[in-house]
Amino acid sequence: MAFLIKSMIGNPCREAPKDPAKAAGMTREEYEEYQKQLVEEKMERDADFLHKKAERATLRVCLREKYRLPKSEQDENMIEIAGDDVDVPEELLKMVDEDATEEEGKDSIMGQFQNLQNMDMDQLKEKASATVTELKTKAEEKCSVM
């Protein structure tokens with residue numbers, strides 16, 4: 001009977017070693033040092049990630065202030081968690097500044113004049129006449145007096 005049960009179950013598996021250092025093929029001290037390095041690397045990665053998230057949140061806050069959008073509590077909390085040493089990366093500041101100068105140029109009167117100079121007058125006249133004829137046809141459809 002024991003033979004039958006043993007053949008059905010098969011050979012008992014080797015028990016896993018209780019010591020994870022032996023399982024990894026290291027001595028106890030090597031394994032502890034390895035685990036310590038893993039923990040330190042993870043903490044460093046987490047700190048870098050948190051700092052990057054805080055930088056992005058700072059940029060979003062700046063953009064919200066610039067365009068007078070409502071504040072985000074989530075971004076403010078992220079900045080508070082990261083601490084006071086959070087600055088917006090220089091590359092992102094350059095991009096925002098370039099966009100701001102482009103928008104200022106477009107918003108100024110001279111920017112509007114440049115847009116008018118760049119427009120094709122014939123195309124503008126065609127669009128205007130097409131709009132007028134479209135309005136006339138719609139008015140004729142709705143008004144029986146015309």
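Visitor: Buried means under 20% relative accessible area, exposed means over 50%, and partly exposed is what lies in between. Where does Glu134 fall, with its relative accessible area of 43%?

Guide: This is a predicted model, and in it Glu134 has a relative accessible area of 43%, so it counts as partly exposed, lying between the 20% and 50% limits.

Visitor: Which residue does Glu134 form a salt bridge with?

Guide: The partner is Lys138, and the closest N and O atoms of that salt bridge are 3.5 Å apart. Both residues sit in helix α7, which covers residues 121-142, and they are four residues apart, about one turn of the helix. Lys138 is partly exposed as well, with a relative accessible area of 44%.

Visitor: Let me step back a bit. How many helices and strands does the protein have?

Guide: There are seven helices and zero strands, so that from the N terminus on the elements run α-α-α-α-α-α-α.

Visitor: And what share of the residues is buried?

Guide: Buried residues make up 11% of the 146 residues in the protein. The protein exposes about 13,300 Å², and carbon and sulfur atoms supply 56% of that area. As for contacts with a separation of 6 or more, residues 24 or more positions apart account for 50% of them.

Visitor: Back to charges, then. How many salt bridges are there in total?

Guide: The count comes to five salt bridges. One of the salt bridges is formed by Glu32 and Arg28, whose closest N and O atoms are 3.9 Å apart. These two residues both lie in helix α3, four residues apart, which is about one turn of the helix.

Visitor: Are Glu32 and Arg28 buried, exposed or partly exposed?

Guide: Glu32 is partly exposed, with a relative accessible area of 44%, and Arg28, at 42% relative accessibility, also counts as partly exposed.

Visitor: What about Arg60, which residue does its side chain meet in a salt bridge?

Guide: The side chains of Arg60 and Asp75 meet in a salt bridge of 2.8 Å, N to O. That pair links distant parts of the chain, with Arg60 in helix α3 and Asp75 in helix α4, 15 residues apart. Arg60 is partly exposed at a relative accessible area of 37%, whereas Asp75 is buried at 5%.

Visitor: Which residues are linked with Arg60 in a network?

Guide: Arg64 and Asp75 are the others, and the three residues are linked in a network of salt bridges.

Visitor: Where does Glu55 lie, and what is it in contact with outside its sequence neighbours?

Guide: Glu55 lies in helix α3. Leaving aside neighbours within four places in sequence, Glu55 is in contact with Val86, Asp87, Val88 and Pro89.

Visitor: New topic: what is the phi of Arg68?

Guide: Arg68 has a positive phi of about 55 degrees although it is not a glycine. Most residues other than glycine have a negative phi.

Visitor: Where does Arg68 lie, and is it buried or exposed?

Guide: Arg68 lies in the loop between α3 (28-66) and α4 (73-82), and at 76% relative accessibility it counts as exposed, because that value is over 50%.

Note on methods. Residues are numbered from 1 along each chain as its sequence is written. This is a predicted model: local features need pLDDT of at least 70, side-chain atom pairs count only at pLDDT 80 or more; totals for chains, interfaces and linings use all residues. Side-chain values use heavy atoms; hydrogens and water are left out. Buried means under 20% relative accessible area, exposed over 50%, partly exposed in between (1.4 Å probe, protein chains only). Contact means heavy atoms within 4.5 Å. Accessible areas come from the Shrake-Rupley method with a 1.4 Å probe; for residues, only the protein chains shown count as cover. A salt bridge is a side-chain nitrogen of Lys or Arg within 4 Å of a carboxyl oxygen of Asp or Glu.
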